[in-house]
Amino acid sequence: MKKTIRDIDVRGKRTLVRCDFNVPMQDGRITDDTRITAALPTIRYLTDHGAKVILMSHMGRPKGEAKSEFSLEPVAVRLSQLLEKEVEFKSCPVVVCDTIKEMAGSLSDGEVMLLENVRFRKEETKNDPDFAKELASLGDVFVQEAFGTAHRAHASTAGVAEYLPAVSGFLIEKEVKFLGGAVEQPERPFAAIMGGAKVGDKIPVIENLLKKVDTLIVGGGMAYTFFKAMGLNIGTSILDEENVELAGQLLKKAEDNGVKFLLPVDVICADKFDNGAETVTVDRDSIPENMMGMDIGPRTVQLYREALKNVKTVVWNGPMGVFEMPNFAGGTRAVAEILAESQAITIIGGGDSAAAVEQFGLAEKMSHISTGGGASLEFLEGKTLPGIAVIEDK
Ligand code: ADP
Ligand code: MG
């Protein structure tokens with residue numbers, strides 16, 4: 001178990017909190033503030049308990065230069081509205097300067113300030129120890145609250161913890177509890193559902209999960225690489241040529257490990273990658289030469305529903321079809337509904353899967369929706385995340 005802000009006395013302490021305020025922006029305006037609102041419970045806990053709060057984050061890819069379009073000023077403004085409290089901010093091109101040190105040093109208990117985009121410094125992504133030290137000099141304690149970058153060893157996500165005691169905020173606590181819990185000691189039966197398009201990225205995850213799960217379900221764009229490995233004709237469906245052999249080995253490994261490995265039994269095919277395309281629903285061994293699989297078929301949904309009936313833990317990563325097109329969203333929606341109705345612990349990882357669940361209005365029905373796509377994949381791969389590793393154990 002990792003230490004959290006509840007395990008230490010924060011009163012009067014300068015708490016340096018690494019948040020994920022990497023929000024989408026358009027013409028200088030924040031178009032979605034979900035990531036800011038997500039951090040509010042941690043920030044409020046700290047201010048309510050008399051901490052002096054110094055927030056930091058990256059936004060976009062300014063590539064080590066102070067570019068005004070990547071300034072965190074709009075975040076400070078929005079955060080201030082949400083907290084109903086002043087959030088001090090000064091745009092410092094080098095992130096830490098004398099003015100910033102003074103501001104941090106003169107904060108009163110319960111006050112909040114935000115540093116400028118840490119990626120204005122090229123040392124950030126290089127995990128440069130001097131920059132980490134500069135950041136650390138502002139605080140007494142480091143609080144990790146950015147899951148989206150926890151798989152990267154950067155100065156503000158990992159390096160800073162060389163110089164300060166490190167604990168987790170509430171977002172990280174929840175990620176570790178659910179993702180860590182699923183990977184380390186899941187309530188069984190444990191099923192994983194993998195889909196989406198990034199086969200190459202996800203094969204290592206499947207490899208690791210095969211050692212843990214009772215049932216593995218593969219749908220979405222990933223399925224066709226497995227079909228190919230099985231010698232099936234996949235028409236013009238999405239294929240990861242490089243990983244066909246590995247897919248075949250994974251099928252074999254599943255058998256050796258006694259894991260139930262389910263692939264679609266029928267697919268909805270389209271003559272082109274378009275919502276208005278001509279479609280046919282066929283068994284997986286009858287995909288027409290000139291068509292592509294766009295979604296799982298109704299018999300597959302039934303098969304998955306049966307397989308998920310008595311599970312106690314489910315991890316889902318990757319949509320079952322091209323859900324962005326309404327005519328091919330049915331499979332993803334069906335799986336989302338199955339999980340929403342399930343009594344199991346349901347964990348959603350992956351940006352597009354999370355977006356799909358939100359779009360269907362089922363987010364509240366899931367136990368946990370991970371906030372970090374890449375980070376959650378690495379967690380499921382069984383890798384050590386540098387930003388989590390630095391947090392002290394209880
Ligand atoms: P996540 O972000 O949840 O990890 P990915 O990024 O791996 O998921 O994949 C999501 C993308 O996969 C979506 O844009 C979706 O349209 C695409 N996809 C799903 N099924 C198919 C398919 N059969 N053919 C092509 N693309 C697909
Ligand atoms: Mg994605």
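Strand 1 and strand 7 (residues 141-144) run parallel to each other and share four bridges; two strands count as paired if DSSP finds at least two bridges between them. Strands here are DSSP runs of E with at least two residues, helices are runs of H or I with at least four, and both are numbered from the N terminus.

This is a predicted model, in which local features need pLDDT of at least 70 and side-chain atom pairs count only at pLDDT 80 or more, while totals for chains, interfaces and linings use all residues. Residues are numbered from 1 along each chain as its sequence is written, chains are lettered from A and ligands numbered from 1 in the order in which they are written, and side-chain values use heavy atoms, leaving out hydrogens and water.

Strand 1 also has a parallel partner in strand 4, to which five bridges join it. Four of the five residues of strand 1 are buried, where buried means under 20% relative accessible area, with a 1.4 Å probe and protein chains only.

Now let us turn to helix 4. In this helix (residues 129-136), the buried residues are F131, A132, L135 and A136. Viewed down the helix axis, these fall within an arc of 140°, so they line one face of helix 4; the arc is that of the directions from the axis to the C-beta atoms. What do the buried residues of helix 4 pack against? They pack against strand 1 (14-18) and strand 4 (52-56), with contact meaning heavy atoms within 4.5 Å. At the start of helix 4, the backbone nitrogen of D130 has a side-chain oxygen of D128 within 3.1 Å.

Next comes the ligand. Ligand 1 has 20 residues around it, and K202, G293, E324, D352 and S353 come nearest; a residue counts as near if one of its heavy atoms lies within 4 Å. Helix 11 (351-359) and strand 14 (292-296) each supply at least two residues of this shell, and the largest share, three residues, comes from helix 11.

| Residue and polar atom | Distance to an oxygen atom of ligand 1 |
|---|---|
| K202, side chain | 2.9 Å |
| G351, backbone | 3.4 Å |
| D352, side chain | 2.8 Å |

On its own, ligand 1 has 580 Å² of accessible area, and the protein covers 89% of that, by the Shrake-Rupley method with a 1.4 Å probe.

Notes:
Buried means under 20% relative accessible area, exposed over 50%, partly exposed in between (1.4 Å probe, protein chains only). A polar contact is a pair of N or O atoms within 3.5 Å; within protein, one must be able to donate a hydrogen and the other to accept it, and residues adjacent in sequence count only if both atoms are side-chain atoms.
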